[in-house]
Structures are given as C-alpha cells and as structure tokens.
Amino acid sequence: MAPPPDKSRAAEPALWAFTVSLVLLAGPARVLWAAPERGWAAPFLVWLGIIALGAWAVHRPSTPP
C-alpha cells in the first residue's frame, strides 16, 4: 500500500495561486490591467487567468519530492 500524500506539499501550489491572484487584484499590479484604456475585456481576462491558475493548482498531478 502506498503512503498517503504529504498534504503540506499539496497545498503549496494553491497558496502560490492565491498569492499571485491577490497581487493582481489588490496590489500595485492592478494599474496594469484596470486602466480605462485597456478596454472592457481586461478584467475578464485577468479573472480567466486566475481561474485557470487555480484549476491548475488543484488538478495538477501529485509527484513525490
């Protein structure tokens, strides 16, 4: 029987995804995509990227270190 996966290592990509999304949405990087001249699609593209990053973090294959 295989040992159970290390949950601390499994949570690490999700924490990185959360940190990146926090910087994009609330940090100074917001001025890059929230400017009026970027158009109406920019916030939706940022959200799509955050959702894709979260999906990757949750569904990535778990490999032992």
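Helix H3 of this predicted model buries Ala-42, Val-46, Ile-50 and Ala-57. Viewed along the axis of H3, these buried residues lie within an arc of 80°, so they line one face of the helix. The opposite side of H3, turned away from the buried one, carries exposed residues, among them Phe-44 and Leu-48.

**Geometry and faces of H3**
- H3 comprises 18 residues and spans 26 Å from its first C-alpha to its last, close to the 26 Å expected at 1.5 Å a residue.
- The exposed residues on the face of H3 away from its buried side are Phe-44, Leu-45, Leu-48, Ile-51, Val-58 and His-59.
- An α-helix has 3.6 residues a turn, so residues three or four places apart point the same way.

**Aromatic pair**
- The count of aromatic pairs comes to 1.
- The ring centres of Trp-40 and Phe-44 are 6.1 Å apart and their planes stand at 65°; because planes over 60 degrees apart count as edge-to-face, the pair is assigned to that class.
- Trp-40 has a relative accessibility of 71% and therefore counts as exposed.
- Phe-44 is likewise exposed, with a relative accessible area of 55%.

**Confidence**
- The chain has an average pLDDT of 80, and 78% of its residues score at least 70.
- Confidence is highest in helix H3 (residues 42–59), at a mean of 87, and lowest in helix H1 (residues 7–26), at 80.
- Where pLDDT is low, the predicted coordinates should not be read in detail.

Note on methods. Residues are numbered from 1 along each chain as its sequence is written. This is a predicted model: local features need pLDDT of at least 70, side-chain atom pairs count only at pLDDT 80 or more; totals for chains, interfaces and linings use all residues. Side-chain values use heavy atoms; hydrogens and water are left out. pLDDT is the predictor's confidence in each residue, from 0 to 100. Helices (H or I, at least four residues) and strands (E, at least two) are DSSP runs, numbered from the N terminus. The expected span of a helix is 1.5 Å times one less than its number of residues. Buried means under 20% relative accessible area, exposed over 50%, partly exposed in between (1.4 Å probe, protein chains only). The arc is that of the directions from the helix axis to the C-beta atoms. Rings of Phe, Tyr and Trp (its six-membered ring) pair if their centres lie within 6.5 Å; planes under 30 degrees apart count as stacked, over 60 as edge-to-face and the rest as tilted.
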